[in-house]
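Open the model in your viewer and keep the selection tool ready. We will start with the whole chain and then zoom in on two stops.

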Amino acid sequence: MTGPKGAGGASSGNHEDESRPVLLKAQTSRTYAFVRFINKTARHVDVIWLNYEGARVRYKTLSPEQWVDVNTFVGHPWIFRDSVSGDRLVVQHEAVYEPEGWNIEEGWPPTRRLVSITIPVYPLKERCIQLIRRYVKDEDISSLEIPRSLQQDIRNTRSNFVPLIDRQALLNEQQQQIQQHLVQQQQHHQHHHHHQEPQL
């Protein structure tokens with residue numbers, strides 16, 4: 001597979017990193033990067049590519065200890081999320097993975113860079129919010145005997161959850177569009193050809 005077709009944003013806490021003013025998205029590049037993402041957590045992990053618009057495209061969901069080989073490009077950012085809770089995960093202590101380029105002098109076939117997905121050291125407040133989200137329903141948040149500002153923080157982490165575009169659904173949609181186009185071309189050709197047949 002060459003460059004993936006789409007994925008997500010940077011992170012701090014559970015979601016976007018306010019310290020990054022620019023929208024994180026894939027840049028046009030011709031420099032290949034060959035990586036192997038390895039899930040080193042006990043969680044199911046969404047491997048997410050940030051596409052050219054900055055949308056999050058789920059490339060694959062990895063089970064614990066599962067890995068996936070990806071042919072990507074320099075300038076194509078990747079992020080990682082717990083597929084159940086949406087909690088951010090990291091590679092090399094970073095919330096965003098920026099692929100390093102492959103050089104032809106390294107030889108062929110290329111050696112893949114091994115990239116381990118791990119759980120960060122969450123700040124205590126963030127970890128507490130994760131646990132509350134796991135065990136408390138939305139409608140019960142206001143009944144918790146905690147400050148309103150914390151109740152609001154818990155609600156915000158839910159409402160800020162960014163939906164993912166599924167890569168397979170994207171590929172299926174592209175395939176359908178191609179097939180529709182081919183059918184239309186064939187129908188147009190048959191219709192045009194039919195009118196040119198000589199009358200008997």
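Show the surface of the protein chain. It exposes about 12800 Å² (Shrake-Rupley method, 1.4 Å probe). Carbon and sulfur atoms supply 53% of that area. This is a predicted model: local features need pLDDT of at least 70, side-chain atom pairs count only at pLDDT 80 or more, and totals for chains, interfaces and linings use all residues. Residues are numbered from 1 along each chain as its sequence is written, and side-chain values use heavy atoms, without hydrogens and water.

Switch to cartoon. You will find three helices and eight strands. These are DSSP runs: H or I of at least four residues for helices, E of at least two for strands, numbered from the N terminus. Along the sequence the pattern reads β-β-β-β-β-β-β-α-α-β-α.

**First stop: helix H1**

Select residues 124-135. Helix H1 has 12 residues there. Which residues of H1 are buried? They are Glu126, Ile129, Gln130 and Arg133. Seen down the axis of H1, they fall within an arc of 105 degrees (directions from the axis to the C-beta atoms), so they line one face of the helix. The face turned away from the buried side carries exposed Leu124 and Tyr135.

**Second stop: aspartate 82**

Select aspartate 82, in strand E5 (residues 78-82). Aspartate 82 is buried, with a relative accessible area of 7%. A polar atom of its side chain lies 3.0 Å from the backbone nitrogen of serine 85. Leaving aside neighbours within four places in sequence, aspartate 82 is in contact (heavy atoms within 4.5 Å) with Arg43, His44, Asp87 and Leu89.

Notes. The expected span of a helix is 1.5 Å times one less than its number of residues. Buried means under 20% relative accessible area, exposed over 50%, partly exposed in between (1.4 Å probe, protein chains only). A polar contact is a pair of N or O atoms within 3.5 Å; within protein, one must be able to donate a hydrogen and the other to accept it, and residues adjacent in sequence count only if both atoms are side-chain atoms.
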